[in-house]
Amino acid sequence: MPLIELTNLSKSYTDPGSGARVPVLRGVNLKIEAGESLAIVGPSGCGKSTLLNILGTLDTPDEGEITFDGESLKQSTPKQLAAVRSEKIGFIFQLHHLMPQCSVLENVLLPTLALKSPSILSLQRAETMLEQVGLKDRMSWKPAQLSGGERQRVAFVRALINQPRLILADEPTGALDEANAVVLTELLLELQKSNGVTLVMVTHHREQAECMGRVLTIHEGVLT
Amino acid sequence: MKLKDYVLQSARYYWRGHLGLLFGTFLAATILTGSMLVGDSVRASLRRVAALRLGKIEGGVIGGERWFTENLARKTKTVPVIIATGSASAANGKVRVNGAQVLGVDEGFWKLSTSGKALAFDKSSAAINEPLARKLGVKVGDTVLVRLERPSAISRDAPLSGSTNQDVSLRRTVGAILSAEDFGAFQLTASQVPPDSVFVHLADLQKQLDMDGRVNAILSTHFAPLRARLEEQRTLEDFALQLKHIDGAQKEWEISTSRVFLDRSLVENLWLIKGARGVMTYLVNGITSANGATPYSMITGVDRGHDNEITITQWLADDHKLAVGDELKLQYFVVGLGRELKQQSASFTVAGILPMTDSKVSKAWTPEFPGVSDVDNCRDWEPGIPMNMKAIRDKDEDYWDEFKGTPKGFISLAAGQKLWSNRFGNLTAIRIPDNGQTKEALSNAIVLRLNLADIGLIPRNFKGEAGAAAQGSVDFGGLFIGLSLFLIVAALVFAALLFLFTLERRASQIGLLMAVGWTKAMVRRVWLMEAGVIAIVGVLLGVFGGVIYTKSALHGLSAVWSGATQGLPLMFDASFGTIFGAAIGTLVVVLATLWWASRTIFKTATRDLLAGSWSADAAPVNKKARVKWIPLLSGIALVMLIAALFVKNPVAVAGMFFGSGMLLMIVGLLYLRGWMRRDSGALARTLWQIGSRNISRRPSRSLAVIGMMAGGIFLVVAVNAFRMSAGDETKRDSGTGGFALIGESSLPVYEDLNSKTGWDAFGLDEKLMPKVRVVPFRVKEGDDASCLNLNRAQKPVLVGVDPTKLAGSFAFASGSWDKLSDASFVPAIADQATAMWGLGKGVGDTLDYQDSAGNTFQVKIVGLLAGSVLQGKMIINEQAFLAKYPDAAGYRFFLLDAKPEHAAEIAAHLTRQLEQRGLALEPARQRLEVFLSVQNTYIGIFTVLGGLGVLLGTAGIGVLIARHVLERRGELGLMQALGFQVGSLRAMILGEHSVLLVLGVILGVATASLAVIPRLIESGGGVPVAFLGKLIVAVLGFGLWVCVIAVAIAVRGKLTEAIRRE
């Protein structure tokens, strides 16, 4: 059974100028197996981020169905979707979105606050993972004191802290220089493998996509 | 990390961003706490005044015109006091104070003061309190003259109650001047204004008033046991009853009264004594028959018999040569309203003739008539009725010498009662068989049948009443909250606005938290907790600010706003409960405001929040819904305006116009919002056109500027237009009712000042008096319920008037004078302000009073006068008044109708001629203005606080503009890079925001103008246009100045660097 299955998924937006509906995703069908790493590539405006948002339950499709671990999310309430996100999905964005008021460790622990019963091992796990990404000595630092690459490493650990089944990464190295991007991509894949999670990454860098287990292209809302 | 750690960390990290929230909360807490503490302080001040005026007194009895024995007080270990009203003047006679409280007290009285300090002053001197000393300009050792009325056992309105000219003058040296702490503030009515009091030794005053051993009030340090104790110790004397043995053919005891007529409430019980028979003896003006006329004779009604038969004495039979079967006629006066007497007559047939030696022919039938029984000659009689002395013959004098008041004829009791029953009673005595009892035993047995409560001597809980009066007083806390409401709203808007700025800046954080699985409710809760932390700090600071606010407000209320507190010495008071309540209240209101203000951001999609692109104006707009509001609200406003044409209640009309104005202002804001959202599609070719695009770029912010200005100006202008003035006082529907003069007298005026008799009684000018019409009111003392009394009146002054004399006068908010004619209950009319604010009542509500027999009756409000000079009183029909208070003699409150050009001369003449009665008159307009000054003071307070609110709002506008411009620094840098001068850019920004300010002013003034139309019509243009004009110019000027400052701050530095940063 695939971890995620999208069936005939469609999504459109209203054009603010003409008021007409503009299709973004058209009849997308996709199966993602557990532990798989998948890259979605395509030009700007092709629907990559929309697809990622739907996968992450941040958006809902107009038509079609999405199942997660065999369960349909169609009838889920916002509260249930939030629970899915906190327990099963980790996000990595192009911008790190770290809370400037919180330390590195606190930023990592932020998702644990959303859990109904946070694990008492979360702190230990966060420290271990931060050590793993080379930030052991910076756990008490504030994001403003970190470099761009370090901030994104914190974001990686934050995405993994609740031991999700799926990591969704939206151009995770888009704001970094090429050298840093390569290093972080390798780190991300290493983390994916070591934690046994599924990774779906949206990128428009073909080289980065090639590092993933499977590459899909999206063009004018159609996945190929 | 726990949630609270995150909250605290965020609050700490973003403290600069929360300064606005902190300031807004601080301000709201300051105002709310301060306002509530003003309420606490005024209540505490009233309680302090109550404590000073009552000392240790808890309960007591006020007899008023009922006098009882001093012994009753002695036996019940209470303090006997005489409480009377009179006038006091300095020895030089230059200053006279009317309505002074004259007190007869002994050493026990001083022990009741808070300090319990004994006061010693010479027996031949008097003590006065500080207010009176100040008014008279006297000091210890000076002489004061006190004038008061000698009390009468019976109402001076009663027929045969004697002369009305019974004034007593006391000339006393001032032995002491009493401060409020030394019981100088003593008074039993709930008022914050200390009375003008003269304290005379009890025995001295009793002697001067011919009331040895009698008092009319009892004071006690206890209330609960007082009634039982008094009833236990009562004697016949306390009921003004006498028991006398009659040695006639039948041995009898007679119960009579010094009041001439026995109280009906007592008769009801005395009548139940076995064998009791009633007696009604009356002085008739004349007895006429075919053979002659006999003046001024007593006739007694007793026993059963034919109603048209009379048994006469031999003396009368001889005088008229009458025999059995002959006819005779009795002429007599019956009492009408006041001392008005109507002569009537009745015919009788002689049924028998009694020899003068008959035991029935006795002067014992005749009660002690004041001015009659105690004089030697008929020609010296002063019975209090008009007498024709020429009609008295020598033989009548001889009869008086030999037989005194022996009746010359006897009719049946039923006939006597039919002819002479009046509101004072229907029996002059009750006789009961002598069964061998001793006088003491019989007296005790009779007393057991009577209760002091039957004659209205019911103990009152003065302490409880004072507490209720202070507790239910004008709620200055609520008043200040109301008056500061705009300031509070401005503070909340300010706080919410700046909180929203923070939210906008941190929108992506909200998105992130939602993305990592926090629920919307959880994120929102965390945000409110963060705001709550700041708000708690603001509230704590605001508590201290509130204390300063209260002290400032109390200072204002003691100085420039003293009209609102009417002489109340204010003291600061703060209770923990009030502060806690205000703090929690502020916190709840602030958080609720933030919750409401932030609702749109939490409706925004997470992806948009993550993109950081959220703003209040980016939220989806339901255009259709908004468009529907404009016609709907306009329609409601129009309906209200049309309905106002058909409504007569001026307050309701004002409310409708006010509401319409407010609705139209909202319509205007909605229209402007729609206009801003509309894309004209026209090409912007000038800098100004580009600037005007910015107005509609953030419609919510632009509307906030317009709304703040419009709302502030609307409220300040509309409320200020309701500053009251007396208007044209000659108009019948004005607040004066068209009456030129108004006044009170210290002592009752019994005479009709519209009649020749009345003029003669006071030597009034017969050429001047036809130019005035006097409308007299009877007065039952009580609490002043006008806006001049801060206490909640427990028993408002009740006045009785003939409503036909007021027909067509005064404007009614509800009802009319005709409503007082309903005899099925006791209808009353009150001034609207009195009913609403003084009593907390409206039409249909009732108030409980006790009549002179101690029975509780209800007075029902049937009408409300609009803004009248009759504030503070419950006005009932004179007939209903007399039915309930037959003893309340004379008139003590007057309205005088005269042409303005004669008013001063009439006032001076009447004041001079009725000096003995202590009459004080003043222009009715002047009295009305005093009442109106209270309301105007409230408006003054509102103007100051509302003005502060507008200034705060304007300052908020400055912050908003600065923020708006700071956000645009990048594009401004671009424009500079494209070649625009910084000066031009400043002008553009200033122009954009000036337009918003001007639009706000126009909208506020236009809609406020609608709201003040009724006021313009009512006052004939009496709206303070110049004042309001200056206010608007000042607000606009300040607003523009704030714009200039905000723009200068936001545009300073190198704009071009902003492009690089972007």
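Two residues are in contact here if their C-beta atoms, placed from the backbone, lie within 7 Å. This is a predicted model, in which local features need pLDDT of at least 70 and side-chain atom pairs count only at pLDDT 80 or more, while totals for chains, interfaces and linings use all residues. Residues are numbered from 1 along each chain as its sequence is written, and chains are lettered from A in the order in which they are written.

Leaving aside neighbours within four places in sequence, Val198(B) is in contact with several residues, among them Ala88(B), Val102(B), Ile128(B) and Val146(B). In the largest nonpolar core, which has 380 residues, Val198(B) and Ala491(B) touch the most other members. Its largest share, 17 residues, comes from α2(B).

The axes of helix α2 (residues 19-54) and helix α13 (residues 462-471), both of chain B, come within 9 Å and cross at roughly 160 degrees. That makes α2(B) roughly antiparallel to α13(B), a word used for angles over 145 degrees.

The contact between the chains takes 20 residues from chain B and 23 residues from chain A. On the side of chain B that touches chain A, α1 (3-13), α16 (507-515), α17 (520-558) and α20 (606-610) each supply at least two residues, and α1(B) gives the most, with five residues.

| Class | Residues of chain B |
|---|---|
| nonpolar (Ala, Val, Leu, Ile, Met, Phe, Trp, Tyr, Cys and Pro) | 11 residues |
| polar (the others, Gly among them) | seven residues |
| charged (Asp, Glu, Lys and Arg) | two residues |

Terms used
Axes are lines fitted to C-alpha atoms, for helices over the stretch in contact, and angles run from 0 to 180 degrees between N-to-C directions. Helices (H or I, at least four residues) and strands (E, at least two) are DSSP runs, numbered from the N terminus. Angles under 35 degrees count as roughly parallel, over 145 as roughly antiparallel, 65 to 115 as roughly perpendicular and the rest as oblique. A nonpolar core is a set of buried Ala, Val, Leu, Ile, Met, Phe, Trp, Tyr and Cys residues joined through C-beta atoms within 7 Å. A residue is buried if 20 or more other C-beta atoms lie within 10 Å of its own, exposed if 12 or fewer, and partly exposed in between; C-beta atoms are placed from the backbone.
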